[in-house]
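Please open the model in your viewer and keep the selection tool at hand. The tour goes from the whole chain down to single residues.

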Amino acid sequence: MKTHTIALIAHDGRKAEMVGFVKDHYDILKEMNLIATGTTGSYIQQTGLEVTRKLSGPQGGDAQIAAMAAEGLLKGIIFFRDPLGKHAHEPDVQMLLRICDVHNVPLATNPATAKYLLLGIAKEEGIEV
Ligand SMILES: O=C(CO)COP(=O)(O)O
């Protein structure tokens, strides 16, 4: 049974990067329960991975994932933010980042860090990589 859940989120300007990252780390990710914001999740599903989709970010998806982090339900979050874009739901984005720090939830905001996050979780959980 998969006991480790991670959340995947990407802003529009970084969705292609997220899909590439997911394809590159398919074998580790398929051993984990995946949660994603709505649109990011539909892209990830196209790679063949199973993912539970929450609401789209602007509709409250970041807030739903933050709630899961606060409840201790997530091993980590990979959130490829667009550092150059402006978002109507920026307060939700900031809230998610803050909740990760409050509850010491591993958070990666770029592929280089996300790789180490996945490798760390895999090692801790005894997943062969
Ligand atoms: O807006 C997002 C994160 O803040 C992502 O939401 P979507 O995956 O629905 O595009």
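Here is what to select, stop by stop.

**Before you start.** This is a predicted model, in which local features need pLDDT of at least 70, side-chain atom pairs count only at pLDDT 80 or more, and totals for chains, interfaces and linings use all residues. Residues are numbered from 1 along each chain as its sequence is written.

**Stop 1: the whole protein.** Show every C-alpha atom. Along the principal axes, they fill a box of roughly 40 × 30 × 25 Å. Of the 129 residues, 33% count as buried (20 or more other C-beta atoms within 10 Å of a residue's own; exposed means 12 or fewer, partly exposed in between; C-beta atoms are placed from the backbone).

**Stop 2: helices and strands.** Switch to cartoon. You will find six helices and five strands. Both are DSSP runs, numbered from the N terminus: helices are H or I with at least four residues, strands are E with at least two. Their order along the sequence is β-α-α-β-α-β-α-β-α-β-α.

**Stop 3: paired strands.** Select residues 5-10 and 33-36. These are β1 and β2, parallel and joined by four bridges. Strands count as paired if DSSP finds at least two bridges between them. Leu8 has Ala36 of β2 as its bridge partner. Ala36 stands opposite Arg53 here.

β2, α3 and β3 form a right-handed β-α-β unit: with the strands pointing away from the viewer, the path from the first strand over the helix to the second runs clockwise.

**Stop 4: the ligand.** Which residues come nearest to the ligand? Among the 13 around it, they are Thr37, Thr39, Thr40, Ser56 and Gly57 (near means a C-beta atom, placed from the backbone, within 6 Å). α3 (38-45) and α4 (61-70) are the elements that give two or more residues to this shell. α3 gives the most, with three.

**Stop 5: Asn110.** Select Asn110, in the loop between β5 (107-108) and α6 (111-125). Is Asn110 buried or partly exposed? Asn110 is partly exposed, because 15 other C-beta atoms lie within 10 Å. Finally, pick Phe79: its C-alpha atom is separated from that of Asn110 by 7.3 Å, though the two are 31 residues apart along the chain.
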